[in-house]
Structure formats: structure tokens, C-alpha cells
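Dear colleague,

Please find below the structure that I am passing on to you.

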Amino acid sequence: MNTLKGTVAGIALSLGLATAAQAELSGTLKIFSDMSNPAPRAVMEQMAAEFDAMHPDLAVELTVIDREAYKTQIRNFLSANPPDVANWYAANRMRPYVSAGLFEDISDLWNEPEIADALASTKGAMTLDGKQWGVPYTYYQWGVYYREDVYKELGLEEPGDWDTFKANCQKILDSGRKCFTIGTKFLWTAGGWFDYLNMRTNGYDFHMALTNGEISWTDDRVKQTFANWRELIDMGAFIDNHQSYSWQEALPFMVKGEAAAYLMGNFAVAPLREAGLGTDQLDFYQFPAINPDVELAEDAPTDTFHIPSGAQNKEAAREFLRFVVSADNQTKINSGDALGQLPVNSNSSVDDDEMLNQGFAMLSSNSPGGIAQFFDRDAPAEMASVAMEGFQEFMVFPDNLEDILNRLEKARERVY
Amino acid sequence: MAQMRLAPGNGSTPDPTSHRGPQDSWLRRNRQTLAPLLFLAPGVIFFLFYVIFPILQSFNLSFYRWDGLGEPQFIGMENYRELLDDRAFEVSLWNNLKWLLLYLLAIPAGLFIALFLNQTVTGIRLYKSLFFFPFVISQVVVGLVFSWFYDPTFGLLNQVLGWVGLGPLNVLGDPTLVTYGIIAAGLWPQTAYCMILYLTGLNAVDPEQVEAARLDGAKGAKMLWYVIIPQLRPATFVAFVVTIIGALRSFDLISIMTNGGPFGSSRVLSFYMFEKALSEYGFRMGYGAAIAVVLFLIMLCFIAYFLWSMYQDDKGGR
Amino acid sequence: MFPKPIQNSSRAWQTTYQALVPVALIMWLLPLIAVAIFSIKPEADFTTGNYWGIPSSFEGASNYGRVFFGSDMPRYLLNSVLITVPTVIGAVALSCMTGFALGVYKFRGNLLLFFMFVAGNFVPFQILMVPVRDLTLDMGLYNTKTGLVLFHIAFQTGFCTLFMRNFIRALPFELIEAARVEGVAEWRIFWFVVLPLMKPAIAALSVLIFTFIWNDYFWAVVLTQGAESQPVTAGITSFNAQYRAAYHLMSAGSIVAALPPVAMFFLMQRHFIAGLTLGAVK
């Protein structure tokens, strides 16, 4: 009886699958997205509308959730109310959901030739335990965005080494400006500074080992990173009261010319331009070498789409992911007037944008050390939160370093 | 009473001729027991389900390690042991104490404003309402309003401090000031609340006693202390209860104004618990539950005191 | 009356007092007035640093227009209404019954039950958070208005019961006894005798609960996530994230979010204050 039932069900299932694969997609496709900032939101809405138009029998239902709120809510909806497609981040940030079985294994998609070839460079960031759990849709460089006009006025060049970097900063300070704007209220911006100083001081492998918990926070090499950081802090390189601002609230300092540069991801370009900075006012340079023996490495965070394992319409979801990573769509959504970031598909073209060209060149030819995701994506969540809080404290009270490092070390012993 | 005449209906008038089954008379005999049971059932069930059982569950959960996704793992007292050694917890506890003590300032401040406004001049009713206004606004909005008030670049506070040659101050960015800054924001609606309690209380003050005291030569502070305040006892009790509860529940303001920062210096237990259990980097449900249990135990001291006072009052009643 | 009526004091002090009250009021409401001014300023004032000066132009209409027609704000407001109104009805209905039972009948455990409601009403939310969230997830009510409403009703029943029971106890008990002597069924006593007398309490409680629930932020964050179910308190944070550093819009949004309970308060002031002073606990 049981076996009979099983067979019948099996036949039904295979028939169902066969027809579904041929038939046009139908039902609804529920997408939860964290692309809530104005430009990304427009991109997401457009992608949803376009996909909806391509499949007349399919209704695409898009919910855009505030980017910060999304980070906590994903846990709830993945288990309680799973959509068919959801945004997230690459690397270790996927780990909790992969281990809990909440993300669908989509290695099959990665075996399809179009994806396997065109997305090869990002495969590593999407792989955990030898399987792929999502697809990337964009990535972006980090680096120093600066006021070209201010540099010109002071006769400064883009720095190629640490000494020039500091000398430039001193000149900027002498002119009555701050070297760098930053808003550390939500902590991760300080993580960016730590990443760069650490990767320039100790290299990419050290970054990975540290975020994997293999190195003590009281290690002398870590202390060297902080010592370099402290040089900048003691100079007064950063704006005051940065602990009270979000990254957006720190933008006006640069727009008004009160600060000359911003270490940020490329997503900062759009609001800076919108606020009125023209092409001759805004430029980009790669964070310079500190320790000449260390190969340059970059942070280039990858944002992703995933299929929750509880999704109802996985067939449509897979089709949507194919659509997202397709060469044409990648060119379109990453162009300067949309996301203004880098496409993940190697057959797409990078928009002819000053920043994107520089970023693309930097990541493809001048990052021999490796490409990291970001501090809070490479480190486990709990370690990241304690550490970034410590970074913020260090930036305000550098004298507390000893205490901060001991605290981080204690957290490391517990977390890993 | 018009309602009274409506009341007697068919079923319930004593009527020896009507046919009643034995069941019905059992119902009648026991209706003094059954009625309260039926009236209570929905409320009590709801309350047990959503309030009482969850408290027990939280106690239980505090002995587990659980990330909210997989299977909870029993670890005994491990969460509590970790708490003892957790600096963030210590900071939160101290901040809670600051909240408890300083929040009580709302009571004298409320009394002060109430005394100030307890006059009969034209338009005073409207003034009273407008003074009360902050209490009606959600704490989220109060938090936003005050974070702009404190803003280091354009905040009104620094503007005012500048006029008198002080500042600038970054209240919410300074770990020593931040908690006081948030408490000040919280005191704003809370003072309004206490004010309204006292205004009503002052209405009920016995004018004859005041006159008698006046004839005895009491006035000003003396009168306030020996005659008025004792009569305001009920208002003070309610003000005390709501202020303590408010202090221990402080979550909205912290979440809106600083998100616990800078570097965790404005956390209190209620916020730290949320952070550990449900925030971006959190999802340590068991650990969060342990924090909640500590907070609950602190609150329990006050709850016990309130209940005891109410019990004392109640004995006097029917 | 205390302090001494102003009419009995010197002319000079009377005038001073008359002048002092509005000044004090303006200082008291200063943060709020600031936000109101922000909300009618054009964006340019913020980029040019004219934070506290006279608005360079009046942009109230366009700022509020964008809040109402260019954002999810109307949806959040509607959600708030759809959460608040059923909660008020539910909690008041349940507590009329529990309050009646606890206030009128003598039985063993009466006081114990009553104290359970009172104590439950005082507990910190955090101790309920994880289990209530799981419960709501398990019932499939996570991120629905229903889930939020059910919890609010249950929790508010504690406070409402305290309120109702005390109110019913203060009613003349003879009325109920007279009805009993006449053989009136208990539910009829409740419906026809007690309930009409409870009208003021119901009004007061409704206004209070309306304000409490409207202003709830914590549970909105814990139990809902998107524009389809979030009330305005939680929505305003998403709204602000969308318009970060656009202070004119954030101010307008805040004012819109704060308005309904304020309106409720001014319309129902008498009931509101009656409710509070009967021992309200927020």
C-alpha cells in the first residue's frame, strides 16, 4: 500500500516537474529586498516589474524592507514566512542560514554553463561547505573618495605610500579642514578603516586568519595596525563627533568641504554627486601601501540574492536569479545611473564612469593580495559586533586600546 | 434606575409554574460560582497564554543556548555565569540604576509645575493641556526630537549654550553624558504625566484644612510639606509606580537616540536584552532570556511592594 | 486651595504670573516647536546651514505633501488604526467582564487572580519577548496585524482589569443586590445594570489604551517587519532611513505620526485625565 502510494506520488511528481519546466512560469513570486536606499530601490522595483512583464502568468510581489531593519528580520521571515527570493550578503554572513538549512542549495544553477563561466570570479564568495547558496548581483570597491578641487588647491597628489598619505593629511589639516569624514554611529564604517589599515599593515591572509579567530587580538601585529591608526587619530585627521553620525550624516562634511576625503564603498558616490559635487570635485584613489612588503588587498563586498529553502515557487525563483545575473541585466542595473557599481557577470560591460573604471581596474589588476568581503562579513556576527564597538571606542579614546584589545580577546575565546 | 426596570426578563424571574430541568436548577443554584468563572475565562486564558506562560518559558530558556534557528542546547547556569563577567551587562545595570534614581525627578518636577499652574486665570485649562502634551506623543517622536535638539552640528542645545558662552557639547556622543541626555529626554513626558496626576490631586485637597493651617500661621514651604503633600499621598503613590515602571521599561528612547552607543555606553538591561536576542549581530536567545530574567527580578521587588500597598488599601475596602 | 489663589496677591505679581505662564510654556515645548518649524522649511535651508533662522520660504504644503503622497506613511497610519482600534475594543470588552467578576463576586482566589493581572501588567516586556515572538511565529501570525492585536489585547487586559475592577468596586453595590433579590440573571445584571454605569470608565480606558497602543514601538519592532503590517511608530524609522538627513521631511513625518493621539487627547481630554488619575500605568 505504502509503496504503491509512493510510486504514484513519484510519477505525479515527475510529471508535474516535466510540465512545469516546459510551461510558462505561473503563480506568484514573492521577493523580499533590502534595497531600500533611493537608487537601489528604483533598480529593484524596475527588475521586479521587468520580470513580471516577461512572464505574463506570473505575479511578482515585491516587499522592500529598510536595509538596517532587514538584517534582523531575515531570521524571522526565513523560517516563518519565507519569500521565494531574498537579498543577503556573501561569505560568512550566509553561514547561520546555511547551517540552519534555511537557504536553498543552488549548486545546480552554478553548473549551468552561462553562470559557471560568467560568474566564476565570485563563486568563492558564494560557496560554503563546497556548495553554492546564492548568486551575487553587484559588488563595489572601497577606497578613498576625495575632493579633487581641495587637493588641487593645496597642491596635493594622490598618495602612493603611507608617508605621503600622512603628509597630505597634515597639509589638509593646516588649511583648516579635516582629512577624513566618517560616521561611526552604526559602527561598520570604523570596520572599513580597520580592514584597510590591517590589510596594509599585515596583509590579506592575516585579515582572513584574524576574522576566522586564529589570531589573538593582543598579538603585536594587531597592535601595529592600531598604532598606525593612532597616528591619524592623534593628528586629528577625522571629523569630531563622528560617533553621533550615520554614514549618510557624515556626507555633508565632505560636500561642504570641511573634510577632504571619505574612506567608503562606491555607493557613497551617488549621494555625493546628488549633493552637488561635480566630476572635477570628486575623485578616487586606492588606499596606499603602508608596509611595502605586504601585497595590496581590497575590500569589495558582494551583495546577493538567495532562495529560502521554504520558498513556494522555487522554479520562478531560479528563473529570477538567472535573470538577475544575465549579462544584459548586469550591465543595466550596475550602470552609473542605476546602482553605480560593478557587474558580476564577466560578459557585461562596466559603465563608463570615472569611479567605476578606476574601481574595476584596481580590483582586476592591482589587488594581488586578494579580495576580502568586509570585516563584518568575514568575521562571525558576534565577534564583529564586539570588535567594531571597540574600533569606535578606540577612535574616540585611543588610550583605551589595552583594555579594548583584552575585551576583544576574551570575546574571541568565547565566540570561536 | 431605568436600567433596573429593564432587567427582569423571562428566564430569570422566579416562576414556580415554568418547567425547569434538573440541569437548569443546578445552574441556578451554582450561578454565583459559575458566573464569575464564565466572565473571567476569556480574559484569564488570554492573559495566561500571552503573559504568564511566556514568563515561565523565558526562565526556562535562560538555561539554554539557542540561536533561534536550530535546536536549543541545555547549558545550565552558563548564561548567568557569563553575565557576571560581561562588561556590557555591568554598564547596563549601572545605567538602569541611573535611570531609576534620576527618573524619579519627574515627581518633584511634576509637582512643581502642577503648583505653578494650579490657579484660576483665563486660559489656564488650555495651558494645562499644552503642558501635558509631551506625554501623549510617542516616545519614538520624543527621541527624534531630542536627538535633533542635542545634535552636535545644528542642535538647539549648542545654540543656546553658545549664547551664554558655553559648549559645544556632544551629549549623545559622550559616554559620560549620554545616559543623562537620554534620561532628560525621558523626563520630559514623564514630568508632564506626574504634573497631571498632581493637578487632579490638588483639586481634591481639603480647603478647610488649608484654611485651618493658614490660621495657625503655616504658609509657603511649611504648608506644602506638612499639609499639602500628605494629602497628595495617593497621587504620589501612582506617580511613583508609573515612574519606576517607566524607568525600567526605557527602550524606545535608547533605541531611537543612540542605539546603545557610543560603544555601548547608553545601554540599559532592556535594550541590551533586545540587542543580544534580536538585533543584527545578536540571536543569542538564551543569553537574552537570562538578561530578561535579571531585569524581571529587579522589577519583581517593586511589583511586590506595589501589590503589598494595594493589599493594605484593599483590606480597608469591601 | 493651594497655592494661594493668584487673585489674592498683589497686582504686580498677577501680571508677572500672566506673562510667566506663556513663556514657561514656550520653553517647555521648545523642542517640539523646533520640529514644527523644521517641518515647513525648504530643503535648501538645511544645506545652507539656516537651521534656526526664519524659513527662507514656506514649504509646509510640499513637505507634508511628500509625506502623504510620496511615501508609505499613509499605509503606516492605516496600519496603526487597524491595530489600535481592535485592540481597544478587545481589551475593553475582556476587562469589563474580568473587572465585573473580580469586583462583584466573592470567591476564593479572587484577590490572587486580581494580583496576577496587576503584576503581569508591570512585568518588563523583555521577559515576554522571545516566547511571544515564537508563539506568534508558530501560529503563522508573525508580521500580521492580527498577531500584534492579539498580544496587545492580552497584555492590556492586565491593566484594564485593574482599572475596571476598582471602578466597579466603587459603584453602589446595593444596585446589584437589589437586582439579585429580584432574581435577575447574572449576565443581565452585567449587561443592564453594571455596564451602563461603566460608561465613563469605558470611555476613559478607551482613550488611554488608544494612546498606549498607538505609541507602542517595542512590540511593533518585535512582531512586524514591513509596510504591510507595521504601525507608524515603527514605520517612521524606515521612513527616516529613506530620507536620512532630510530633516524637513523627517520632521513632517514625525508630526504626522504624533498627531492622532494628540487629536484624541484634545477631543477626549476629560476622559483621558479621568483615566490617568484612576491609576493608569503606562
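Predicted model: local features only at pLDDT ≥ 70, side-chain atom pairs only at ≥ 80, totals over all residues.

Residues are numbered from 1 along each chain as its sequence is written, while chains are lettered from A and ligands numbered from 1 in the order in which they are written.

Confidence

The model has an ipTM of 0.89 and a pTM of 0.87.

Contacts between chains

Two residues are taken to be in contact if their C-beta atoms, placed from the backbone, lie within 7 Å. On that basis, 92 residues of chain B meet 84 residues of chain C. Helix 3 (residues 31-61) of chain B provides the largest share of the chain B side, 21 residues. Helices here are DSSP runs of H or I with at least four residues, strands are runs of E with at least two, and both are numbered from the N terminus. The side of chain B that touches chain C comprises 66 nonpolar, 22 polar and four charged residues. In this classification Ala, Val, Leu, Ile, Met, Phe, Trp, Tyr, Cys and Pro are nonpolar, Asp, Glu, Lys and Arg are charged, and the others, Gly among them, are polar.

Between chain A and chain B, the contact involves 20 residues of chain A and 19 residues of chain B. On the chain A side, helix 3 (67-80) and helix 19 (381-396) are the elements that give two or more residues, and helix 19 of chain A gives the most, with eight. That side of chain A divides into six nonpolar, seven polar and seven charged residues.

Domains of chain C

Chain C has a domain 1 (6-65) and a domain 2 (69-277), with bounds from an automatic or database domain assignment. Their C-alpha centres are 33 Å apart. Twelve residues of domain 1 of chain C are in contact with nine residues of domain 2 of chain C. Helix 2 (30-38), helix 3 (43-47) and helix 4 (60-69) of chain C each supply at least two residues of the domain 1 side. That side consists of six nonpolar, three polar and three charged residues.

Helix 8 of chain C

Of the 25 residues of helix 8 of chain C, 23 are buried, so this helix is largely enclosed by the rest of the structure. A residue is buried if 20 or more other C-beta atoms lie within 10 Å of its own, exposed if 12 or fewer, and partly exposed in between, with C-beta atoms placed from the backbone. Helix 8 of chain C also has a kink of about 35°, centred on Thr157(C); the bend at a residue is the angle between axes fitted to the seven residues ending there and the seven starting there.

Local backbone features

In chain B, Gly261(B) and Pro262(B) are joined by a cis peptide bond, with omega about -10°. Pro262(B) sits in the loop between helix 14 (252-257) and helix 15 (269-278) of chain B. Phe263(B) belongs to the loop between helix 14 and helix 15 of chain B, and its phi is near 30°, a positive value in a residue other than glycine. Phe263(B) counts as buried because it has 26 C-beta neighbours inside 10 Å.

In chain A, Leu187(A) has a phi near 70°, again a positive value in a residue other than glycine. Leu187(A) is located in the loop between strand 8 (178-181) and helix 10 (188-202) of chain A, and counts as buried because it has 24 C-beta neighbours inside 10 Å.

Yours sincerely
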